[in-house]
Amino acid sequence: MADGIKYEYKTVQTVRGTDGLMISKMQKDGWEFVEQSQGTLRSTLTFRRPKKPIPWPLIGAGAAALVTLAIIIGTATAFNDGDEKKDEAAKPAATASEKPSAKPTPIPTAAESSAVEMITPENNSEFAALLETADICDDANADFATKHEGQTVAFNGSIADMTPHGDYDTRYDFLLGPGDKGPNTAVGPAFKYENVNVAELGLTGEDVPATIGVGDKFRFVAEVGDFNAVQCLLHLHPLSTQTR
């Protein structure tokens, strides 16, 4: 580059209406806003910041350390090689029962899901407050995911967005919001189901629809995943999805 500065770049996708919050957050972390590509429901933001040069003395010290480590490992290997061959000959052959199972983990039925102690806005004030949070990037999202990862939550919500996952025709990424407003949801976390097909949603209820789409309302029961602080998405894993 003409000014001699080398940059690293980061591209971030945001839900419509949260661009300003994301730009402010990234700028606080030292990133410079470059450009924005606006989609129907999502925006793609591009940022950059100067790369930090690695001091040459540290590079030299690191290389010396690697050479020393390689010598130590090579010496240890030479001493242990003979013993390992002897031990290998004395090991019993593995039996068929020792092979790992390739069976997929089954998705719980509605009855099984109801038997799990679930977190709901009715029995957990922390979750109730989270569903009313106005900022999808609020620290409360990360705190909740860290504290309750692997636990089960249940809430009334709707599908805010539904797009094919990658090049798949039958696997999707779902954006869920609390309440009944679908793509117009303005409060609560941006919940995301990533790379799932309709069967994995575990649809239940009296009138299970033949197809589903943006705006449809359900009772979601899901396992808490992690929180992506860059995209401000709280990941969930579907357990059951009940019509309402």
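By buried I mean under 20% relative accessible area, with exposed over 50% and partly exposed in between, using a 1.4 Å probe on protein chains only.

Quick housekeeping. This is a predicted model, so local features need pLDDT of at least 70 and side-chain atom pairs count only at pLDDT 80 or more, while totals for chains, interfaces and linings use all residues. Residues are numbered from 1 along each chain as its sequence is written, and side-chain values use heavy atoms, with hydrogens and water left out.

How confident is the predictor? pLDDT is its confidence in each residue, from 0 to 100; the mean for the protein chain is 79, and 71% of the residues reach 70 or more. Over residues 56-61 the pLDDT is below 50, and beyond near neighbours in sequence that stretch has one contact in the model. Residues 75-79 are also below 50, with zero contacts beyond near neighbours. Contact here means heavy atoms within 4.5 Å. Where pLDDT is low, the predicted coordinates should not be read in detail.

Overall, the protein chain has five helices and ten strands; these are DSSP runs numbered from the N terminus, helices being H or I with at least four residues and strands E with at least two. Buried residues make up 31% of the 244 residues.

Back to β6 and its partners. Strands pair if DSSP finds at least two bridges between them. On one side we have β5, residues 152-164, which pairs with β6 in the antiparallel sense over seven bridges; methionine 162, for instance, has phenylalanine 174 as its bridge partner in β6. Then there's β7, residues 191-196, antiparallel to β6 over four bridges, where valine 196 is the bridge partner of tyrosine 172.

Look at glycine 177 while you're in β6. This glycine is buried at 2% relative accessibility, and leaving aside neighbours within four places in sequence, glycine 177 is in contact with Phe155, Gly157, Ser158 and Thr185.

Most residues other than glycine have a negative phi. Asparagine 195, though, has a positive phi near 60°; this residue is in β7 and is partly exposed, at 28% relative accessible area. Cysteine 232 has a positive phi of about 60° too, but sits in the loop between β9 and β10 (233-243) and is buried at 1%.

Last stop, the cavity. Which residues line the largest cavity? They're Ile159, Phe174, Leu176, Tyr193, Leu201, Ile212, Phe218, Phe220 and Thr241. The elements giving two or more residues to that lining are β6 and β9 (217-228). A cavity, on a 1 Å grid over the protein atoms alone, is a set of points where a 1.4 Å probe fits but cannot get out, and lining residues have an atom within 4 Å of a point.

Technical notes:
pLDDT is the predictor's confidence in each residue, from 0 to 100. On a 1 Å grid over the protein atoms alone, a cavity is a set of points where a 1.4 Å probe fits but cannot get out, and a pocket is an open set with protein on both sides within 12 Å along at least five of seven lines; lining residues have an atom within 4 Å of a point.
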